[in-house]
Amino acid sequence: MGKLGDAFVDNSKWKHKTLVTVALTFLTSSQAILIAWSRRAGKYDYSGTTANFLVEALKCVLSLLALAKIWNTDGVTEDNRVGTTLDEVKVYPIPAALYLVKNLLQAIIKKRPSRNINVQNFWLYVFGMVFNVAAIFIQGFDVVLNKGFFHGYSLITTCMIINHALSGIAVSMVMKYADNIVKVYSTSVAMLFTAVVSVFLFGYHLSLAFFLGTMVVSVSIYLHSIGKIQR
């Protein structure tokens, strides 16, 4: 019975990893396309700082909704409560401010494996919102004041914001339940998909370097998968 239980847990974890990896690949693939589509006459009419703020706000809301579902089924526990201590929360502003340095997200997310991922996401996105508010005041305050917060927004802009928010959550899920190698492969495959789709949408021409890169990525994914199976 114990072996069957362990097998069931392993299978469940494998499905979870596969789901978040596929989701991240799809979201990353469509991300660049939505950004390109959101331009009008070769420029962005909307404010990038307000869009970034809305991305962080949406991720924060989605994390809270996921937590609410968990609270409803499992109740509030030490690992899924939003309330936290200064020692735990003080580390979140650093990766929130330096979000491009994504390796830092792993020093936080994997530090407490039992801590609910939605709680960690919530505090990370709260600080992300704070820094983006500061960016609005520094870079785009005049535009927001004169033209409004949502000036230049369109349906494509809204889709782009939703895509970025879901991508951020998917990245945190991959880093929590898989590893950084899976994230790198997922991003690489997404780049390939984006390039192929861009040929039909934007008339891009694929170079020899693209095909060589595709071969390298494909072989590395195959070798990585074989290594996992053998272990």
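Student: Which helix does V89 lie in?
Tutor: V89 sits in helix α3, residues 86-89; helices are DSSP runs of H or I with at least four residues, numbered from the N terminus. This is a predicted model, where local features need pLDDT of at least 70 and side-chain atom pairs count only at pLDDT 80 or more, while totals for chains, interfaces and linings use all residues. Numbering starts from 1 along each chain as its sequence is written, and side-chain values use heavy atoms, with hydrogens and water left out.

Student: Is V89 buried or exposed?
Tutor: V89 is buried, with a relative accessible area of 11%. Buried means under 20%, exposed over 50%, and partly exposed in between, using a 1.4 Å probe and protein chains only.

Student: And what does V89 touch?
Tutor: Leaving out residues up to four places away in sequence, V89 touches T84, W123 and F127. Contact means heavy atoms within 4.5 Å.

Student: Switching to rings: how many aromatic pairs are there?
Tutor: Six. Phe, Tyr and Trp rings (the six-membered one for Trp) pair if their centres lie within 6.5 Å; planes under 30 degrees apart are stacked, over 60 edge-to-face, and the rest tilted.

Student: Why is the F122 and W123 pair edge-to-face?
Tutor: Because the planes of F122 and W123 are at 75°, with ring centres 5.4 Å apart. F122 is buried, at 12% relative accessibility.

Student: What about F137 and F141?
Tutor: That pair is stacked, 5.3 Å centre to centre with 15° between the planes. F137 is exposed at 55%, and F141 is partly exposed at 34%.

Terms used
Helices (H or I, at least four residues) and strands (E, at least two) are DSSP runs, numbered from the N terminus.
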